[in-house]
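These are my notebook entries on a single structure. I set down what I looked up, entry by entry, with the criteria used.

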Amino acid sequence: MNAVNAVRSVIYGINNKKWSRSNRIPAVFCAAAVVTVVLTWESAWSILPLIGCITSAIANWQTDTAKLKILTVPVSVSWIIYNAHSASYAGLINEILALCSIGIYFLRKHLKTDKKRISGTAERI
């Protein structure tokens with residue numbers, strides 16, 4: 001699964017080529033995630049990394065940062081549950097930090113919007 005995600009990150013980083021912006025790219029990585037989970041199936045818990053990987057493939061394809069962050073929340077939640085079940089404390093910390101980062105992004109975005117709204121009101125007075 002990590003190898004699929006690493007290759008996905010490289011391909012998504014190449015956005016100056018026509019082929020790298022094809023809408024088929026996320027579908028290829030979703031299919032690769034399904035194949036990887038089928039080949040490494042351990043139990044029903046294996047569905048959680050699959051959900052995370054598929055949602056991540058879709059989330060990281062977004063060009064709008066806010067959409068990417070929103071779609072990343074279920075990725076982290078699925079991995080938190082899986083990591084808790086697997087007693088992967090490093091994985092838990094990683095995903096908790098990812099959720100904190102998403103929260104900070106939206107808090108800063110909200111505060112920036114409020115600041116612009118307040119300063120716009122002050123300028124009219």
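Where is the place of S88? I found S88 in the loop between α4 and α5, where helices (H or I, at least four residues) and strands (E, at least two) are DSSP runs numbered from the N terminus.

**Entry 1: basis.** I note that this is a predicted model, in which local features need pLDDT of at least 70 and side-chain atom pairs count only at pLDDT 80 or more, while totals for chains, interfaces and linings use all residues. Residues are numbered from 1 along each chain as its sequence is written, and side-chain values use heavy atoms, with hydrogens and water left out.

**Entry 2: the loop between α4 and α5.** I looked up the accessibility of S88 and found S88 partly exposed, with a relative accessible area of 27%. I applied these classes: buried is under 20% relative accessible area, exposed is over 50%, and partly exposed is in between, with a 1.4 Å probe and protein chains only. A87 also has its place in the loop between α4 and α5. A87 is partly exposed at 42%, and A87 has a positive phi of about 60° although it is not a glycine. I then took a C-alpha to C-alpha distance: S88 and K69 are 19 residues apart in sequence and 23 Å apart in space.

**Entry 3: N83.** I located N83 in helix α4. N83 counts as buried, at 7% relative accessibility.

**Entry 4: the largest pocket.** I looked up the volume of the largest pocket, which is about 260 Å³. On a 1 Å grid over the protein atoms alone, a pocket is an open set of points where a 1.4 Å probe fits, with protein on both sides within 12 Å along at least five of seven lines; lining residues have an atom within 4 Å of a point. Grid points are joined across faces, edges and corners, and a volume is the space filled by probe spheres set on the points. I recorded 18 lining residues, of which T72, V75, S76, E95 and A98 lie nearest the centre of the pocket.

Which helix supplies the largest share of the lining? The answer is α4, with six residues. At least two residues each come from α1 (2-13), α3 (47-59), α4 (65-86) and α5 (89-124). By class, I noted six nonpolar, nine polar and three charged residues in the lining. Here Ala, Val, Leu, Ile, Met, Phe, Trp, Tyr, Cys and Pro count as nonpolar, Asp, Glu, Lys and Arg as charged, and the others, Gly among them, as polar.

**Entry 5: cysteines.** I searched the whole structure for disulfides (pairs of cysteine sulfur atoms within 2.5 Å) and found zero. The cysteine sulfur closest to that of C53 is in C30, at 7.5 Å, which is too far for a bond. C53 is buried, with a relative accessible area of 3%, whereas C100 is partly exposed at 40%.

**Entry 6: aromatic pairs.** I searched the whole structure for aromatic pairs and found four. Rings of Phe, Tyr and Trp (its six-membered ring) pair if their centres lie within 6.5 Å; planes under 30 degrees apart count as stacked, over 60 as edge-to-face and the rest as tilted. Y12 and F29 form an edge-to-face pair, at 6.0 Å centre to centre and 90° between the planes. This pair links distant parts of the chain, 17 residues apart: Y12 is in helix α1 and F29 in helix α2 (residues 24-39). Y12 counts as buried at 11% relative accessibility, and F29 counts as buried at 9%.

Why do I list the pair of Y105 and F106 as edge-to-face? Their ring centres are 5.0 Å apart and their planes are at 80°, so the pair falls in that class. Y105 counts as partly exposed at 24%, and F106 is partly exposed at 27%. I also noted a cluster in which ring pairs link Y12, F29 and W61.

**Entry 7: charges over rings.** I required NZ of Lys or CZ of Arg within 6 Å of the ring centre and within 35 degrees of the ring normal. R8 lies over the face of Y12, at 6.0 Å from the ring centre. The charged end of K69 sits over the ring of Y105, 5.4 Å from its centre.
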